[in-house]
Amino acid sequence: ISNPKVTAVINATDPTETTRIRSISVEGGQEIKLKGIGFMEGLKVIFMPVTNEAGSDTSGNIIYRVGTKQEEYSGRQFTSNVIVNHLLESGVEGSDVKFIDNETLTVKVPAGKLDSKGIIVVNPDQGASDSFDDITYGLPGLDTPLGVTAELMHDKYNNTDTGIKVNWTEVKGATEYELYVVADNQMELIGSTKLLAYIHEDLKPRTSYKFIVKAVGDFGSSKPSAESNRVRTGRTVGVPDFDGGIIEHTLQEKKGNTAHVSLGTTENRSNLLVDLTRGNLAGSKEIVLSIPARVISNNRNMIIDIKGADFAMKLTPGIFNNAKAQQNRHKDEAGVRFTVAPVTKNTNSSANGLSQVYEVKADFYEGKANSSIDYLATNMSLVLDYDVMKANMRKFRNVSISRYDQHSNRWQALKKDNYLSGSTSTIINRMGNYVVMGGRN
């Protein structure tokens, strides 16, 4: 009679066979791997087993275990192996048993009862293992994420480490994943994602990083993954700050919901289209346009078209050609930062407002010093889409763009430059908050 033993239950998807499992779901369906000795092809795996010694009785569902007994012969004690009959009174057989070798098998867990425990292996000759009780049925849990790897992202053109990309394998049933950075043997939560990758950008120079991932589901989170490989940053970290100096080529990149556009010196008089609805800027809600003072002074007539989901603008660098731009035109770290962003706070425009309120602002930067710009050197055009159905329901006959005046605390209608169904445009020469409003007069 064979004498199998179960020594560990591990994650079936872990090729290193180091991830121990001590809890299985009452819902079943999870594939697990059993490690041990004495496994035979054609064996059965019984969950939640209840067994009792059967003595000499061989009726019923009998399994055999190898026991020992002490005997005395000629005044000396001897230990010998004996076969002990056991009755398997109850238990649930696992499915999809795959025999790998005499030390390894996989099995699909059957549904079970909360807090029940134990697994036995029964070989074809009915030789059975003792119950392995370090496994318990619990609420549906999640497997631990595997294959957590970290990769340093390096910008070779600007010689800086811009981030660390962390990847891991998918966990069935996970709704999202939590990311932790490990420093000084302490775990710190840095973010969560529904994807299988995360980019950590909050870096320090000459610092080592390792990462841990947890899967999160309907019944809580998994155990922490094993630590990722270690990566170390160099002397320079972070995304290059193109706002602070001259660059040769125009750069357009999206960070979150914001499109960052930095005008380069090689554009000359060629026009520029910034489209927030397609390409690498698709989905951007706001834009930050940085124009160096040198470009404002030397290239004031180029046309910049900005197209958003519900707004559009047309301007030239020359609208910012004020005295400060002229005085600082030879400085590399001087220019204008122009921003167009939706306003989410209360703007007192809900009564007659027909569109999203947008804040249009500009700041002149000189090194780290900033000063706001109110009036423009020349005009620019602004187009805003509006809700036609809302305008018709409220019987608005007059629809136009308005600017909020802080001194009078009122919205002031502007002269319409053009009118199309669903949108209206105007010419502006000031920064501020703008919205489409309707009126019955």
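Q: Where is Phe219 found in this predicted model?
A: The model is predicted, and in it Phe219 is found in the loop between strand E16 (208-217) and strand E17 (220-221).

Q: Why is Phe219 called exposed?
A: A residue is exposed when its relative accessible area is over 50%. Phe219 has 56% relative accessibility, so Phe219 counts as exposed. Phe219 also forms a nonpolar patch on the surface with Leu114 and Leu139, with about 330 Å² of accessible area together.

Q: Why is Ser297 called buried?
A: Buried means under 20% relative accessible area. Ser297, which lies in helix H1 (residues 293-298), has 10% relative accessibility and therefore counts as buried.

Q: What makes Glu227 and Lys210 a salt bridge?
A: The rule asks for a side-chain nitrogen of Lys or Arg within 4 Å of a carboxyl oxygen of Asp or Glu. The closest N and O atoms of Glu227 and Lys210 are 2.8 Å apart, so by this rule the pair forms a salt bridge. Because Glu227 lies in the loop between E17 and E18 and Lys210 in strand E16, the pair ties together parts that are 17 residues apart in sequence.

Q: How many salt bridges does the rule give?
A: The count comes to 14 salt bridges. Among them is that of Lys69 with Glu71, whose closest N and O atoms are 3.2 Å apart.

Q: How do you know that strands E5 and E6 pair?
A: Two strands pair if at least two bridges are found between them. Strand E5 (residues 62-73) and strand E6 (residues 76-93) have 12 bridges, so they pair, in the antiparallel sense. As one example, the bridge partner of Gln70 in E6 is Thr79.

Methods: Residues numbered from 1 in each chain as written. Predicted model: local features only at pLDDT ≥ 70, side-chain atom pairs only at ≥ 80, totals over all residues. Heavy atoms only, no water. Helix = DSSP H or I, 4+ residues; strand = E, 2+ residues; numbered from the N terminus. Patch = residues over 30% accessible without salt bridge, like charges linked within 9 Å, V, L, I, M, F, W, Y side chains within 5 Å. Areas by Shrake-Rupley, 256 points an atom, 1.4 Å probe, with all protein chains shown as cover. Buried < 20%, exposed > 50% of the residue type's maximum accessible area, 1.4 Å probe, protein only.
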